[in-house]
Amino acid sequence: MNSKLLEKFQFSFKNVDCVGLIGCNWMVEANGWLCKDYTHMNEMLRRICRRNFCTCSPRPWLFVGLGNPGDKYRGTRHNVGFEMLDAFANSQGIHMETVHCKAMFGKGFVNDIPVLLAKPLTYMNLSGESIGPLAAYYKLPLNRVVVFHDDMDLPCGVLRLHPKGGHNRHNGLKSVIYHFRGNGEFPRLRIGIGRPPGQMDPKAFMLQKFNVTARERIDAALLEGAHALEQVLSKGFSESSNCFNTTQKYKHIRLQTLPT
């Protein structure tokens, strides 16, 4: 073999060392596997990356659903962030069975893009105590952290993807921004729950479960949101959000005058 055609390389994975030669007739050895052609080597390395969530993969995204833990709050308006995260996890077959940084946590790949999923167990008003350390642990820039939350300024079942913003009196967002050192430049998926009727206390409204009509709208929105998030991973936030928000704008117009 012509030595000028060879290039020595080494990859370091969390639990895998991969050393070999690249060239006309190179060979790669990893975990006892031998691979003698370029196609097979690429496939082998791709599988190693997926299994070990290693640094040769693209930078991960962190998807966070805001809500309150426990059966008492399950199905309430304030917990639609949790529901959206569950819908996305189920659509991708990602299991959330471990606790990490005070959150129910899972990780997986969507079309070879690594994604981290988290539901803080701190209760809504302290969500940042979980999300801040998680983002720091994985060394993620804020534009790779997408937070899902309920929003009374949108009609029930209407969604919006925003690249950044303030907390708008939402205590969960307020906590996240605080633990990001006052920085609100992280993407959000806003999930409309509508406004309370009459003079009803907004806090009581948020902690109520949805009625039948509202539940149907939310269930449809969960499917739309899960698909939109998959597009975020494949196309990037800016391109996917522009298209998605245009569709949701017309839905907003259609639903804003209808009762829930």
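Cys101 is partly exposed, with a relative accessible area of 23%, whereas Cys243 is exposed, at a relative accessible area of 56%. The model in which these cysteines are described is a predicted one, and its count of disulfides comes to 0. The chain has 260 residues, of which 49% count as buried, and its secondary structure consists of 7 helices and 11 strands.

**The chain as a whole**

**The largest pocket**

- The largest pocket holds about 600 Å³ of space, and of the 28 residues that line it, those closest to its centre are His78, Arg169, His170, Asn171 and Met206.
- Two or more lining residues are given to this pocket by each of the elements β9 (145-151), α4 (171-179), β11 (188-192) and α5 (202-206).
- Sorted by class, the lining of the largest pocket is made up of 8 nonpolar, 11 polar and 9 charged residues.

**His170, one of the residues closest to the pocket centre**

- His170, which is among the lining residues closest to the centre of the largest pocket, lies in the loop between β10 (159-162) and α4.
- With a relative accessible area of 8%, His170 is buried, because this value falls under the 20% cut-off.
- Leaving aside residues up to four places away in sequence, His170 touches Leu66, His78, Met124, His149 and Asp150; of these, His78 is also listed among the residues closest to the pocket centre.
- His149, one of the residues that His170 touches, is 21 residues from His170 along the chain, and the C-alpha atoms of the two are separated by 8.8 Å.

- Within α4, the residues Gly172, Leu173, Ser175, Val176 and Ile177 are buried.
- An α-helix has 3.6 residues a turn, so residues three or four places apart point the same way.
- After α4 comes Arg181, a residue whose phi is positive, near 60°.

Note on methods: Residues numbered from 1 in each chain as written. Predicted model: local features only at pLDDT ≥ 70, side-chain atom pairs only at ≥ 80, totals over all residues. Heavy atoms only, no water. 1 Å grid on protein atoms, 1.4 Å probe; cavity = no way out; pocket = protein on both sides within 12 Å on 5 of 7 lines; lining within 4 Å. Points joined across faces, edges and corners; volume = space filled by probe spheres on them. Helix = DSSP H or I, 4+ residues; strand = E, 2+ residues; numbered from the N terminus. Nonpolar A, V, L, I, M, F, W, Y, C, P; charged D, E, K, R; others polar. Buried < 20%, exposed > 50% of the residue type's maximum accessible area, 1.4 Å probe, protein only. Disulfide = S-S within 2.5 Å. Contact = heavy atoms within 4.5 Å.
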